[in-house]
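Here are my notes for a colleague meeting this structure for the first time. Please read them with the model open.

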Amino acid sequence: MTAEAAEITIEHETDGGFTVVRPAGKLDTLSARTFEAYLKGLADANAGPLLIDMEKVDYVTSFGLRSLLIIAKLLAPSGGKLVLFQVNPSVIEVLKISGFLKILTVTDTLASAKELAGQPR
C-alpha cells in the first residue's frame, strides 16, 4: 500500500507479523498529518508492531516528531510497539536535540527493530 503527500511517500509491507513502514522525503508541517493518518490506519487495523524505516526521511520538524509520539502513545495501551530504524544522521540529530531518543525506540537495523518490538500479536 502507498500514500503520498506534499513531500513524502509512504509504503508498507508485512514481514512475519511486523508491519514495516517505509516513508521517503520530508516529515514536516504538510506531510505529518498524512503520515500520522497512515500510521493510525495501520494501528487501527491491528497491523502488529510498527517498524519505521527512516533511511529515506531526510528532514523532520516538530510536527513530524509530534506524529511519531502520537502513534507511539496510541499503540502503548494495547502493548503495541513503534520502533524507528536506519535513521538518517540528520534526523538522529533532531531526535537527540529534542529529547526524543529518550522517548522513542530507535535502532540501526530491521533485525534489531524486530527484537526490540518483541513478538507480534
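1. Start with the packing of α2. Its buried residues (buried: under 20% relative accessible area, with a 1.4 Å probe and protein chains only) pack against β3 (18-27), α1 (32-44), β4 (50-53), β5 (56-60), β6 (82-85) and α3 (89-98). Contact here means heavy atoms within 4.5 Å. Helices (H or I, at least four residues) and strands (E, at least two) are DSSP runs, numbered from the N terminus.

2. A word on the source. This is a predicted model, in which local features need pLDDT of at least 70 and side-chain atom pairs count only at pLDDT 80 or more, while totals for chains, interfaces and linings use all residues. Residues are numbered from 1 along each chain as its sequence is written, and side-chain values use heavy atoms, with hydrogens and water left out.

3. Which residues of α2 are buried? They are Gly64, Leu65, Ser67, Leu68, Ile71 and Leu75. Viewed down the axis of α2, the buried residues fall within an arc of 160 degrees, so they line one face of the helix. That arc is taken from the directions from the helix axis to the C-beta atoms. On the other side of α2, Ser62 and Lys73 are exposed (over 50% relative accessible area).

4. The length of α2 checks out. The helix has 14 residues (62-75) and should span 20 Å at 1.5 Å a residue; its end C-alpha atoms are 20 Å apart, which agrees. The expected span is 1.5 Å times one less than the number of residues.

5. Now the core. A nonpolar core is a set of buried Ala, Val, Leu, Ile, Met, Phe, Trp, Tyr and Cys residues joined through side-chain atoms within 4.5 Å. The largest has 27 residues, and Leu50 and Ile52 have the most contacts inside it. At least two residues of this core come from each of β2 (8-15), β3, α1, β4, β5, α2, β6 and α3. The largest share, 6 residues, is from α1.

6. Look at Ile52. Not counting residues up to four places away in sequence, Ile52 touches Val21, Pro23, Phe35, Leu39, Leu82, Val83, Leu84 and Phe85.

7. Check the loop between β6 and α3. Gln86 is found there. Its phi is near 50 degrees, a positive value in a residue other than glycine. Most residues other than glycine have a negative phi. Asn88 is in this loop too. Asn88 is buried, at 18% relative accessible area. Leaving aside neighbours within four places in sequence, Asn88 is in contact with Met54, Glu55, Val57 and Asp58.
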